[in-house]
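Please look at the sequence and the model below before reading on.

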Amino acid sequence: MTDQPTRTGRQLDPTAVAGLQACAQRTRSEADRYAAALDDIAANGLPSVEDCTPWEELREAQLARLAAQRPAVA
């Protein structure tokens with residue numbers, strides 16, 4: 001007897017497999033970045049307010065980047 005589950009579903013085509021693997025890699029990368037940030041906070045504490053950028057500035061900068069990427073609508 002084996003510990004491997006029996007698969008009865010159909011096989012994915014190679015393009016779908018590659019897409020799922022790319023998605024998994026992106027998810028792992030994002031999780032690693034998040035974990036590193038939490039480790040830094042745990043080791044060093046939160047940064048001072050003076051060293052932080054207000055969220056409003058971050059939001060406006062992101063909106064400006066998005067607007068620059070989008071073609072103008074007449």
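Helices (H or I, at least four residues) and strands (E, at least two) are DSSP runs, numbered from the N terminus. By that definition, the protein chain has 2 helices and 0 strands. This is a predicted model, in which local features need pLDDT of at least 70 and side-chain atom pairs count only at pLDDT 80 or more, while totals for chains, interfaces and linings use all residues. Residues are numbered from 1 along each chain as its sequence is written, and side-chain values use heavy atoms, with hydrogens and water left out.

The accessible surface of the protein chain, computed by the Shrake-Rupley method with a 1.4 Å probe, comes to about 7,400 Å², and 57% of it belongs to carbon and sulfur atoms. Of the 74 residues of the chain, 0% count as buried, where buried means under 20% relative accessible area, exposed over 50%, and partly exposed in between (1.4 Å probe, protein chains only).

The structure holds 1 salt bridge, a term for a side-chain nitrogen of Lys or Arg within 4 Å of a carboxyl oxygen of Asp or Glu. The side chains of Glu 60 and Arg 59 meet in this salt bridge, at 3.1 Å from N to O. Side chains of opposite charge can pair when their charged atoms come close.

Leu 38, which lies in helix 1 (residues 14-44), is listed below with the two salt-bridge partners, Glu 60 and Arg 59.

| Residue | Relative accessible area | Class |
|---|---|---|
| Leu 38 | 41% | partly exposed |
| Glu 60 | 44% | partly exposed |
| Arg 59 | 37% | partly exposed |
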